[in-house]
Amino acid sequence: MRAADLRSVDPIGEGPVTLLSWRVAAEYGALPEAARLRADLGRAFDGSLDIEARLAEREAAYPRRRTLAAPPPRVTVAAGSSQVATVIEIRAQDAPGLLHRIGYALAATGVNVRSARISTLGANAVDAFYVVGADGAPLGEVRAAEVAREVERALR
């Protein structure tokens, strides 16, 4: 995945709908077939796809590059970036399952993702998640720092 945008909208006032768009590029070979991706997404949402096993397979197949050690992931709160959400910025070495780990960590903290901007720049991921509390409001300073620490801990 090279870039993605996620946002929740409520177009007709009957509850939010999540919109996701992404740009992908194959590192090797061709992209997967669109029909297979749709089927896998459906299975992921209904719980019949073993995502953990798929990510483990992908990680095992991922080529190991002999380079300097990657810097540790950095998760920060971008204070003042939004009036309607708290912005959590994540900078990390790109790897299979990175977004999955981030998503699980955010879910474990109990925040809701209002929108996200995902970017892969070479070997680095720079992601921004616009999160709110259960009340739909931006997080307080202390709570935002707690969320950032938990996400960073999950990525180490």
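**A pocket and a helix pair**

Among the elements lining the second largest pocket of this predicted model, α4 makes the greatest contribution, with 3 residues. Helices (H or I, at least four residues) and strands (E, at least two) are DSSP runs numbered from the N terminus. Both β4 (86-93) and α4 (141-155) provide at least two lining residues each. The pocket holds about 170 Å³ of space. Its lining comprises 14 residues, with Val77, Ala79, Gly80, Thr86 and Leu139 nearest the centre. On a 1 Å grid over the protein atoms alone, a pocket is an open set of points with protein on both sides within 12 Å along at least five of seven lines, and lining residues have an atom within 4 Å of a point. A volume is the space filled by probe spheres set on the points, which are joined across faces, edges and corners; the probe is 1.4 Å.

Helix α3 (residues 98-109) packs against α4 at an angle of about 140 degrees, the axes being 9 Å apart. Axes are lines fitted to C-alpha atoms, for helices over the stretch in contact, and angles run from 0 to 180 degrees between N-to-C directions. The two helices α3 and α4 are therefore oblique to each other, a class left after angles under 35 degrees (roughly parallel), over 145 (roughly antiparallel) and 65 to 115 (roughly perpendicular).

Residues are numbered from 1 along each chain as its sequence is written. Local features need pLDDT of at least 70, side-chain atom pairs count only at pLDDT 80 or more, totals for chains, interfaces and linings use all residues, and side-chain values use heavy atoms, without hydrogens and water.
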